[in-house]
Amino acid sequence: MPFSNSSEPSPSFLLASIPGLEAAQCWLAIPLCSAYVLAVLANGAVLLVVRAEPGLHTPMYRFLCMLAAIDLALATATVPRVLSFYWFGSREIGFGACLLQMFLIHALSAVESTVLLAMAVDRYVAICHPLRHAAILSGGATAKIGLLALARGVLFFLPLPLLLLPLPFCGPRVLSHSFCLHQDVMNLACANTTPSVVYGLTAILLVMGLDAVLICLSYLLILKAVLRLAAWRERLKVFSTCIAHICVVLAFYVPLIGLSVVHRFGKDLAPLVHVVMGNIYILVPAVLNPIIYGVRTKQIRRRILSLI
């Protein structure tokens, strides 16, 4: 579809296809769809199992349920639209739909980062202050943390689409991903984007960056407490309760950092790298998180096996 060089009040964008493999996109969408279905089934199973098992009604598994719900929402906000493009050729996405999808991706990512920080604090309190754990992280406290995480994501990232709303977009408006991200859309504007650049970077640093620092700090305190134990067997037993959470943190932050690096420094990289990194960022945490906790938690593993 040709684009004129004049700005339009409501422009549309073209989602990125898989370079050199446009004819095979309908087949390449099958593993993407399979990963999405697996993410939906696995996260849905975690939600059902935690609800059905009274022994799992603890802060850690309440936060895990929040994580599963966020992953479901994040994958559903992106993957069905990508599949409609790959299977039915619906490549064009409207300006409003693109801004909404962009907001959901960034806001939900911020909420997930906050929940991961809350899970790290839960592990710190459980290991370093076990007698006060139930009082500090009660059911009401975990619910308030969940609402705070949601409010934090919305308030910090709602300005992103609002800053892009008045900007003109000229020329070919082809995205570098199969969905809409802030920096990707912002780079297509033919106007001064300095306020959007500054605010986007500030929001990322104050949310994901600060959360990453605090998660590292909590694990340094946990490690300090674990090293005080006399026996190596006790140290390993205590620290093993953190392994699942550490894996989940890596599954979230490694694709996030990789995607950020590709955006900041990968302008000369092949377009395929951008498409693949975007899909990894959306789907890897959603698929891996329930599998990691399912493998590490006997109650979840047994109940899922019984359901199967």
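In the predicted model, Cys170 is partly exposed, with a relative accessible area of 23%, and Cys190, its disulfide partner, is likewise assigned to the partly exposed class, at a relative accessible area of 35%. The sulfur atoms of this pair lie 1.9 Å apart, and because the torsion about the S-S bond is about 50 degrees, the disulfide of Cys170 and Cys190 is right-handed. Cys170 is placed in the loop between H6 and H7, whereas Cys190 is placed in the loop between H7 and helix H8 (194-227), so this bond ties together parts that are 20 residues apart in sequence.

A search of the whole structure returns two disulfides, and the other joins Cys98 to Cys180, with an S to S distance of 2.0 Å. The torsion about the S-S bond of Cys98 and Cys180 is -120 degrees, and the link is left-handed. Cys98 belongs to helix H3, while Cys180 is found in the loop between helix H6 (159-164) and helix H7 (182-186), so the pair connects parts that are 82 residues apart in sequence. Cys98 counts as buried, at 0% relative accessibility, and Cys180 also counts as buried, at 0% relative accessibility. When the bonded cysteines of the protein chain are numbered in sequence order, the pairing reads 1-3, 2-4.

Cys128 takes part in no disulfide, and the nearest cysteine sulfur to it, that of Cys242, is 9.0 Å away. Cys128 counts as partly exposed because its relative accessibility is 24%. Cys242 is also in no disulfide, its nearest cysteine sulfur being that of Cys128, at 9.0 Å; with a relative accessible area of 0%, Cys242 is buried. Cys242 is among the residues in contact with Arg123, which also touches Met60, Tyr219, Ile222 and Thr241 when neighbours within four places in sequence are left aside. Arg123 is found in helix H3 and counts as buried, at 11% relative accessibility.

Helix H3 is also considered here through its packing against another helix. Two packed helices are described by the angle between their axes and by the distance between those axes. The axes of helix H3 (residues 95-128) and helix H5 (residues 139-157) come within 8 Å and cross at roughly 145 degrees, and the crossing of H3 past H5 is right-handed. On the side of H3, the contact is made by Phe103, His106, Ala107, Ala110, Val111, Thr114, Val115 and Ala118, and on the side of H5 by Ile145, Ala149, Leu150, Arg152, Gly153, Val154 and Phe157. By residue class, this contact of H3 with H5 comprises 11 nonpolar residues, three polar residues and one charged residue.

The largest nonpolar core contains 83 residues, and those with the most contacts inside it are Phe13, Val115 and Leu116. Helix H3 gives the most to this core, contributing 17 residues. Val115, named among the residues with the most contacts inside the core, is also one of the H3 residues that make the contact with H5. Phe13, for its part, touches Arg91, Glu92, Ile93, Phe95, Cys98, Phe169, Arg173, Leu175, Val185 and Leu188, residues up to four places away in sequence not being counted. Among these neighbours of Phe13 is Cys98, the residue of helix H3 that is joined by a disulfide to Cys180.

Note on methods
Residues numbered from 1 in each chain as written. Predicted model: local features only at pLDDT ≥ 70, side-chain atom pairs only at ≥ 80, totals over all residues. Heavy atoms only, no water. Axes fitted to C-alpha atoms, helices over the stretch in contact; angles between N-to-C directions. Helix = DSSP H or I, 4+ residues; strand = E, 2+ residues; numbered from the N terminus. Left-handed = near helix turned anticlockwise from the far one by under 90°. Contact = heavy atoms within 4.5 Å. Nonpolar A, V, L, I, M, F, W, Y, C, P; charged D, E, K, R; others polar. Core = buried A, V, L, I, M, F, W, Y, C linked by side-chain atoms within 4.5 Å. Buried < 20%, exposed > 50% of the residue type's maximum accessible area, 1.4 Å probe, protein only. Disulfide = S-S within 2.5 Å.
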